[in-house]
Amino acid sequence: MTTPLTRTAGPRPLATLRHSVVLARRSLAKTTRNPGPVVNGVITPALFMVLFLYLFGRPVAGSTAEYAQYLFPGILVMGAGLAGMVSTGTAINLDLRNGVTDRFRSLPISRTAPLLGSVLADVLRYLIAVVILFAIGTLLGFQVQGGAPAALGAAGLAILFGFCLSWLTVLIGVLVRSAEAVTAFSFIAFLPLQLGSSLTGPTDTLPGWLRAWADINPVTHVMDACRALLNGTPEAGSVGRTLLWSAVLFATCCPLAVRAYGHQE
């Protein structure tokens, strides 16, 4: 029989944050030994950008330079959502299956700390991915039209959404039985979210059935918000919708993940 994840009835928020930071350092230390997920999180969006830019640039926008202005904000959101999303759920699942969680249960820490620590490590991975993608985008012809504050706002918005979306894969990682299943479920969730959006073109150019999904897809709102900020165009409420969706994801997935994690044996 296992003991509860926390020995106290109500761990203090500052203590929970401190424990989470320590466990985030553990996650980052593991990343230095196995940087593959972070590299994949940068390389995959960069490859998408190069392929889409030179395949669709001239047919869609008339030139690759014009298309880069449209495409890059979507790639930025893709990078912030992919850099650690799959690895987080996988790492938590492996900890559960390999007995590491039993060690956490023996410590006087909040049951939230192992999960929050992993997601906090994701935030740093997202930040690294965003910086690298900005450098690659600049080399490919993208230019920030909205100024430095707008660029920081777009990066922050993408990272915030990535942070909230990570809790979905945390929930998957806690519920499923194997790391392979986490990867499969995460990619099943990832593909319609990222590709069924305004990534490669405005949603009004899509077939009716796909447009219906893209118009309600939260990733579309994040991409449109980042696109408006980076290009200095009206955001038409997309920033507010992004913040709302982020709050919904966090408020739904985080408590469910923590509760499921606390009931694991």
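Which residues does phenylalanine 161 touch, not counting residues up to four places away in sequence? The views below take up this question and others in a predicted model, in which local features need pLDDT of at least 70, side-chain atom pairs count only at pLDDT 80 or more, and totals for chains, interfaces and linings use all residues. Residues are numbered from 1 along each chain as its sequence is written, and side-chain values use heavy atoms, with hydrogens and water left out.

View 1. Phenylalanine 161 belongs to helix α7, residues 148-175, where helices are DSSP runs of H or I with at least four residues, numbered from the N terminus. With a relative accessible area of 3%, phenylalanine 161 is buried (buried means under 20% relative accessible area, exposed over 50%, and partly exposed in between, with a 1.4 Å probe and protein chains only). It touches Pro218, Val219, Val222, Ser246 and Leu249, leaving aside residues up to four places away in sequence; contact means heavy atoms within 4.5 Å. Although phenylalanine 161 and valine 219 are 58 residues apart along the chain, their C-alpha atoms are separated by 8.7 Å.

View 2. The structure holds zero disulfides, a disulfide being a pair of cysteine sulfur atoms within 2.5 Å. The sulfur of cysteine 226 lies 13 Å from the closest cysteine sulfur, that of cysteine 164, which is too far for a bond. For cysteine 254, the closest cysteine sulfur belongs to cysteine 253, at 8.8 Å, again too far for a bond. Cysteine 226 is buried, with a relative accessible area of 0%, and cysteine 254 is buried at 11%.

Methods:
Helix = DSSP H or I, 4+ residues; strand = E, 2+ residues; numbered from the N terminus.
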